[in-house]
Amino acid sequence: MRCPNCGQRLADEARKCPVCGTVIDEVVRINIPEKQAEETKISYAGEDVSGQSSGTEEHHSFETENIDAKQCFPAMPMKWYKFLIYFSLILTGLSNMYTGVQAVMGMQYGTKEQSAQVYAVYPGLHILDIVYGVLLIILGVFVFIVRQQLAGYRAKGPKYLLIMYIASLVLEVFYIGAGSLLSGVNLLTSSESSIMLISSILVSLFMIGANKVYFDKRAHLFTR
């Protein structure tokens, strides 16, 4: 039995609550079991309702998080994002794979006869072209992985995009540097080659920085 005033547990024969001093007379003694039974019933009913609602709460938890995110962050333009996933990355991936196939087959030198002449003079260049071509093909496949990550609003998407730009820049510098060493010809002495390399480096650095800022501002969207 419990005290009807403070809830202290009492012996069945208790006449007075030792905590709050409430007198337990016969009327109160009779009413206490009924009151406690009713409270217990209400408690169980509350647990049932809670159990039934828990599934609904879990079902809508993700939607609630999205609503909270929209309320906390202002709407931001996504034109550059759409340009990347619907055009730029697709074109870049196809271009890398096509250029890679050309490099593996030596097609960048013109005909097969011209490629054979170049490789006869610089045999190490043939191996370099094959390695460069294979890496370009792999990079092309990675570009499509990046595109899928971004399109699915994956958390790693923006990071993969920056890795893609860095890998592309490193691969180009590697090819020009290794080509100069193997051929014995400094390709950077050519004004055209120098301008192309410097332009490529500047563009790559700009894209890395611009995309870092762009996707950092939209990090709350890429959480999957």
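This is a predicted model: local features need pLDDT of at least 70, side-chain atom pairs count only at pLDDT 80 or more; totals for chains, interfaces and linings use all residues.

Student: Where does Val-173 lie, and with which residues is it in contact, leaving aside neighbours within four places in sequence?

Tutor: Val-173 lies in helix H5, helices being DSSP runs of H or I with at least four residues and strands runs of E with at least two, numbered from the N terminus. With neighbours within four places set aside, Val-173 is in contact (heavy atoms within 4.5 Å) with Leu-197 and Ile-201. The C-alpha atoms of Val-173 and Ile-201 are separated by 8.6 Å, although these residues are 28 residues apart along the chain.

Student: How many helices and strands are there in the chain?

Tutor: The chain has 6 helices and 0 strands, and along the sequence it reads α-α-α-α-α-α. Of its 224 residues, 26% count as buried, and among contacts with a separation of 6 or more, 61% join residues 24 or more positions apart.

Student: How far does H5 reach from its first C-alpha to its last?

Tutor: The general check is the expected span, which is 1.5 Å times one less than the number of residues. H5 has 27 residues and reaches 39 Å, close to the expected 39 Å. Just after H5, Gly-184 takes a positive phi of about 75°.

Student: Which residue has a positive phi although it is not a glycine?

Tutor: That residue is Tyr-153, with a phi of about 55°, and it lies in the loop between H4 and H5. Tyr-153 is partly exposed, at a relative accessible area of 31%. Thr-223, in the segment after H6, is exposed, with 57% relative accessible area. Not counting residues up to four places away in sequence, Thr-223 touches Tyr-153 and Ala-155, and the C-alpha atoms of Thr-223 and Tyr-153 are 6.8 Å apart in space for a sequence separation of 70 residues.

Student: Which residues have the most contacts inside the largest nonpolar core?

Tutor: A nonpolar core is a set of buried Ala, Val, Leu, Ile, Met, Phe, Trp, Tyr and Cys residues joined through side-chain atoms within 4.5 Å. The largest one here has 22 residues, and those with the most contacts inside it are Tyr-81, Leu-89, Leu-150, Leu-161, Met-164, Tyr-165 and Phe-215. The elements giving two or more residues to this core are helix H2 (79–105), helix H4 (123–151), helix H5 (157–183) and helix H6 (191–216), and the largest share, 6 residues, comes from H4. Apart from this core lies another, of 6 residues, among them Met-1, Cys-3, Cys-17 and Ile-24.

Student: Is Cys-3 buried or exposed?

Tutor: Cys-3 is buried, with a relative accessible area of 4%, and is found in the segment before helix H1 (26–72). Cys-3 and Lys-16, 13 residues apart in sequence, are 8.6 Å apart from C-alpha to C-alpha.

Student: How much space lies in the largest pocket, and which residues that line it are the closest to its centre?

Tutor: Rolling a probe the size of a water molecule over the atoms shows where empty space is left. On a 1 Å grid over the protein atoms alone, a cavity is a set of points where a 1.4 Å probe fits but cannot get out, and a pocket is an open set with protein on both sides within 12 Å along at least five of seven lines; lining residues have an atom within 4 Å of a point. Points are joined across faces, edges and corners, and a volume is the space filled by probe spheres set on them. About 880 Å³ lies in the largest pocket, and of its 31 lining residues the closest to the centre are Tyr-132, Glu-172, Ile-176, Met-196 and Ser-200. H2, H4, H5 and H6 are the elements that give two or more residues to this lining, with the largest share, 9 residues, from H5.

Student: Is Ser-200 buried or exposed?

Tutor: Ser-200, in helix H6, counts as buried at 17% relative accessibility. Not counting residues up to four places away in sequence, Ser-200 touches Leu-169 and Glu-172.

Technical notes
Residues are numbered from 1 along each chain as its sequence is written. Side-chain values use heavy atoms; hydrogens and water are left out. Buried means under 20% relative accessible area, exposed over 50%, partly exposed in between (1.4 Å probe, protein chains only).
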